[in-house]
Amino acid sequence: MARTERYTAQEVIDAIEKGYTCLGAAQLLQCNAETVRNYAKRYPSVHTALHAKRRELVDLAEMSLRRAIVNGEGWAVAMTLKTLGKDDGYTE
């Protein structure tokens, strides 16, 4: 017997667009987050949508880190030097 899917790939993509994460999309679809992850494994278009939303979150985090650096927050300066500056010799 053929397996039928509860959602179309486009419905999952639309939920990711609104919910940003697997859990957020799952809540909108009223399913388990693992279901969204399985769709991402099965459908390249769903994987791409999920990756794009994760990239947006990373971009926002980078912008916040930049603000903290500009404001001279020590933790932000130290973290940046330890990670991005390690090729320039900033290591412990």
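Visitor: What is the length of the polar contact that joins the side chains of Lys 53 and Glu 56?

Guide: This is a predicted model, in which local features need pLDDT of at least 70 and side-chain atom pairs count only at pLDDT 80 or more, while totals for chains, interfaces and linings use all residues. Residues are numbered from 1 along each chain as its sequence is written, and side-chain values use heavy atoms, with hydrogens and water left out. A polar contact is a pair of N or O atoms within 3.5 Å; within protein, one must be able to donate a hydrogen and the other to accept it, and residues adjacent in sequence count only if both atoms are side-chain atoms. For the side chains of Lys 53 and Glu 56, the contact has a length of 3.2 Å.

Visitor: Is Lys 53 buried or exposed?

Guide: Lys 53 is found in helix H4, where helices (H or I, at least four residues) are DSSP runs numbered from the N terminus. Not counting residues up to four places away in sequence, Lys 53 touches Ile 16, Glu 17 and Tyr 20, a contact meaning heavy atoms within 4.5 Å. Buried means under 20% relative accessible area, exposed over 50%, and partly exposed in between (1.4 Å probe, protein chains only). With a relative accessible area of 6%, Lys 53 is therefore buried.

Visitor: Which residues are linked with Lys 53 in a network of salt bridges?

Guide: A salt bridge is a side-chain nitrogen of Lys or Arg within 4 Å of a carboxyl oxygen of Asp or Glu. The structure holds six salt bridges. In the network that includes Lys 53, the linked partners are Glu 17 and Glu 56.

Visitor: How many residues apart in sequence are the parts tied together by Arg 42 and Glu 5?

Guide: Arg 42 and Glu 5 form a salt bridge, with their closest N and O atoms 2.6 Å apart. Arg 42 counts as partly exposed because its relative accessibility is 35%, and Glu 5 counts as partly exposed at 31%. Arg 42 lies in helix H3 and Glu 5 in the segment before helix H1 (9-19), so the distance in sequence between the parts they tie together is 37 residues.

Visitor: What separates Arg 37 and Glu 34 within helix H3?

Guide: The side chains of Arg 37 and Glu 34 meet in a salt bridge, at 3.3 Å from N to O. Arg 37 is partly exposed at 36% relative accessibility, and Glu 34 is partly exposed at 36% relative accessibility. Because they are three residues apart in helix H3, the separation is about one helical turn.

Visitor: How far apart are the closest N and O atoms of Arg 55 and Glu 62?

Guide: Arg 55 is partly exposed, with a relative accessible area of 39%. Glu 62 counts as partly exposed at 46% relative accessibility. The two form a salt bridge, and the closest N and O atoms are separated by 3.6 Å.

Visitor: At what angle do helix H3 and helix H4 pack?

Guide: Axes are lines fitted to C-alpha atoms, for helices over the stretch in contact, and angles run from 0 to 180 degrees between N-to-C directions. Helix H3 covers residues 33-42 and helix H4 residues 44-70, and their axes are 5 Å apart. The contact is made by Val 36, Tyr 39, Ala 40 and Arg 42 of H3 together with Pro 44, Val 46, His 47 and Leu 50 of H4. The packing angle is about 120°.

Visitor: Which helices do the buried residues of H2 pack against?

Guide: Helix H2 spans residues 22-29, and its buried residues are Cys 22, Gly 24, Ala 25, Ala 26 and Leu 29. The partners of these buried residues are H1, H3 and H4.

Visitor: Where is Tyr 20 placed?

Guide: Tyr 20 counts as partly exposed, at 38% relative accessibility. Tyr 20 has a positive phi, near 70°, in a residue other than glycine. Its place is the loop between H1 and H2.

Definitions and conventions:
Helices (H or I, at least four residues) and strands (E, at least two) are DSSP runs, numbered from the N terminus.
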